[in-house]
Amino acid sequence: MPLAGAPTRLTGAFLVLLQLATVRSEDAKCSIQTCPQVDPQYYTVHIVPHSHMDLGWLKTVEQYFFGTKAGITSVSVQYIYDSVLAELLSDPNKKFMFVETGFFELWWTHRDNSARENFKRLVLNGQIEFVSGGYVMNDEATVHYMTTINQMTYGLGILKEIFGECGTTRVGWQIDPFGHSREFASLLAQMGFQGLYLGRIDYQDKSHREATRTMEFNWEASESLPRARLTGIVLANNYSPPPGFCFDEFCNDDPIVEDPEAEEYNGPKRAEDFMKWLTDKANFYATNNFLVTMGNDFNYQNAHKWMTNLDALMRSINGKGYQIKGLPVRLVYSTPSCYLAVIQDQKMVNKTDDFFPYASDPHAYWTGYFTSRPAFKYLDRFSNNWFQATTQLAAMARLGPGHLGQLRRALAIAQHHDAVTGTAKQHVNDDYTKMVSVGLTQAEKVAEKALAALSGKTFPGAKSITFCRGLNISECDVIDGLTNGDGVSVTVYNPASQKVQTYIRIPVSAVNHFTVTTPNGTNIPFDCLPISDGLKKLAERKGKATHELVFPVEVDALSFTNVDIRHRPADKRIPWSYPELEVTEPRTISRDGLQVDVDPTRGIVRLSLNGIEINATAGYYFYASRTGNNTKFNFRASGAYIFRNDGPAKQLPLKSIKIIEGRTITEVRAQYGDWVYESYRIGLNCFEVDWIAGPIPIKDQIGKELVYSIDSNIDSGSEFFTDSNGRENLRRQRNFRPTWLLNSSEPVAGNYYPVNTLIAIKDKKRTIGIVTDRSHGGSSLKSGQVEIMLHRRCLHDDAFGRALVANSGRWPCK
């Protein structure tokens, strides 16, 4: 088969591979078998040429690859591959490493057999090494473990298909993500990875590791899986070359001139400068080996210029009497796998926590991106749910592989550390959204085929099955069109491995005009609730529905069920619609063992579940975003990456609170200020909060960062818990780091952590947690309190995104 799950345009790739008979896989040595000889009598400097290539940031994926929109930046990834290929073919001693399979896939499909054959030869003889091998270099704070596994297996599968064992790697390369999760390290270890290179860690943590020579460590990345451990390596200079030694077209550093007769002769001086930097950094590492990253963002469009100077640097130092730790210095071309092989047997300190939050200076905590672009973060999670469900349905219906290539690729790209993070330019984010939308359309067709096969039914006609993507804003035109006697069948699929009870909400434009039944005619109790004021005010909402049919369903694991909705004739209507009633005095709401006390001026004041009580209030607050010109650390502004608040959070006033008590569900609706609407629902032993926020007002020229906060009488002290990418939970402690002494200048932002699915506090008897439908930032800033950031609108750049302002709050978010 061709590359499983790959886009249709790649179907010819396998046929091409069969033609590459001149390069035999059985003759392959691969990178790890061609490592330079390391003599213990030398101090070996591993020179690692590389190029970090973002699949979208300032330009879209295709703009970066083809080189269009050069006015933004004159980068073309295809020419990086071409240039490196030509340079390595000219000299078998040179090596290079690539990371992101997404760009390689594009290059491979746009080159002829000759270029492919030459590239494959370089991989099989060990000159080119792929590390990590995922489709992208994924983020680690805002991704879910499922999407991480999918993008890794997608990329590694392409490499394995083309290069065999030489396409597999045992080394991770996460040099640009803004902090590092324990769960990602655990997943890599479970995939057979042995090491993980890191670029960005907290500046205080890095200083501590340099002082204690613990830049290399043993990462025990799971409390429940003893085998989930690997070697962690913090790079000396993030992923950049030493200062003054960037030889790219984008750099202004002088080349190395070796001719002693030339007036510009600088070989010895350049060698001295390099050795001064190297001697300083060598003190931070325990072995007689040192890795130097020679590359940066989108480098090596002129690989010949780069490597000509690297050759000159080696000649200027090797054999010239330079020493470190009393040993002669020897520079060699190398790779991350080769370096790991020679250092991983040393005795190292253990690490059991993660690398969040990440700060690059005293006032730059990279905790804003945990929440930036919350609508796209929801789309990412929603689309992954679709991908998982349709994959299952296609398998059960025996449709065969390869039907979801567009959605798989779009979701893989969405995990990039400038995509799901919300830190790309707006037109780039629009491109991500378009790719996901196209993929969802493909998934809908697959779901229709699978359901037809599984149910034994055919669905003639283009509109036989409708997938209502607008249900989160109560919009579905096919239901609006029902008239007397018309009906629809709603199919509910449960992709989980356990039985699920949940509510289904269907928008309708008529009141009391429906019946809801199982396929055999059994009535299902339902409520008909008016659509909330917050939804009605959404400018993007075009639907005609005025109410929602709400009814409970129970679906077995990996099963689907059908519910029939039929328009009831006028003479048989039953009054199953309930009005919104203003809450004017304190009252208690009870349903399914859950009690909630509601106050007309404070909202929620008490929660009780099966006799366990918590006195708690919940509300909406906003932090004013700090402004600044970023010329000094203390002038840092809050932006797409950075969260920096200007003073304490300000509470939005509770303007109104209403209640609807139906047969199957109770719903309380509240408005806070002029721009936040809340609905919390009680039923099926669940307390669910739905919110609409925005547009965030800025008439006062102040950016705002909205949080949802619960204050309770739980005696949690300084401790709280967050999940790690939807898997194991980690214990957090306010103003504390497990492996180094924290000195924080930002008491709010410095205590924010990624919340992928859960944040919780507890005492000896009680626990309260918030389960989320997307990734957020969150914290507990005092005992009994927990908060998550919902939405942001910053008016200033934080100087890390090239004039990238986190202004998505100009749109509402639900």
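**Entry 1**

I opened with C686, and it turned out to be partly exposed, with a relative accessible area of 35%. A reminder to myself before going on: this is a predicted model.

**Entry 1: disulfides**

How many disulfides does a search of the whole structure find? I ran it and got four. I then numbered the bonded cysteines of the protein chain in sequence order, and the pairing reads 1-3, 2-6, 4-5, 7-8.

I looked at C30 and C166 next. They form a disulfide with sulfur atoms 1.8 Å apart. The torsion about their S-S bond is about -85 degrees, so I noted this disulfide as left-handed. Where do the two ends sit? I found C30 in the loop between α1 (13-18) and β1 (43-49), and C166 in the loop between α6 (145-163) and β4 (171-174). The pair therefore ties together parts that are 136 residues apart in sequence. Are the two cysteines buried or exposed? C30 counts as buried at 12% relative accessibility, and C166 is buried as well, with a relative accessible area of 10%.

C246 and C251 were my next stop. Their sulfur atoms are 1.9 Å apart, and they form a disulfide. Here I read 50 degrees about the S-S bond, and the link is right-handed. C246 is buried, with a relative accessible area of 8%.

I also checked C468 and C476, a disulfide with its sulfur atoms 1.8 Å apart. The two ends fall into separate classes, because buried means under 20% relative accessible area. C468 counts as partly exposed at 21%, while C476 counts as buried at 6%.

C528 counts as buried, at 0% relative accessibility.

**Entry 2: the nonpolar cores**

Which residues have the most contacts inside the largest nonpolar core? I got F103, F119 and F274, in a core of 181 residues.

I then listed the neighbours of F119, leaving out residues up to four places away in sequence. F119 touches Y81, L85, F98, F104, W107, I128, F130 and F163.

**Entry 3: helix α4**

Two of those neighbours, F104 and W107, sent me to helix α4, where both are buried. This helix spans residues 101-109 and is mostly covered, with eight of its nine residues buried. I wrote down the buried ones: T101, G102, F103, F104, E105, L106, W107 and W108. F103 is also one of the residues with the most contacts inside the largest core.

Which residues make the nonpolar surface patch of about 230 Å²? I found M396, L454 and L558. M396 belongs to helix α12, residues 374-396. With a relative accessible area of 37%, M396 is partly exposed.

Note on methods:
Residues numbered from 1 in each chain as written. Predicted model: local features only at pLDDT ≥ 70, side-chain atom pairs only at ≥ 80, totals over all residues. Heavy atoms only, no water. Patch = residues over 30% accessible without salt bridge, like charges linked within 9 Å, V, L, I, M, F, W, Y side chains within 5 Å. Areas by Shrake-Rupley, 256 points an atom, 1.4 Å probe, with all protein chains shown as cover. Salt bridge = Lys/Arg side-chain N within 4 Å of Asp/Glu carboxyl O. Helix = DSSP H or I, 4+ residues; strand = E, 2+ residues; numbered from the N terminus. Buried < 20%, exposed > 50% of the residue type's maximum accessible area, 1.4 Å probe, protein only. Core = buried A, V, L, I, M, F, W, Y, C linked by side-chain atoms within 4.5 Å. Contact = heavy atoms within 4.5 Å. Disulfide = S-S within 2.5 Å.
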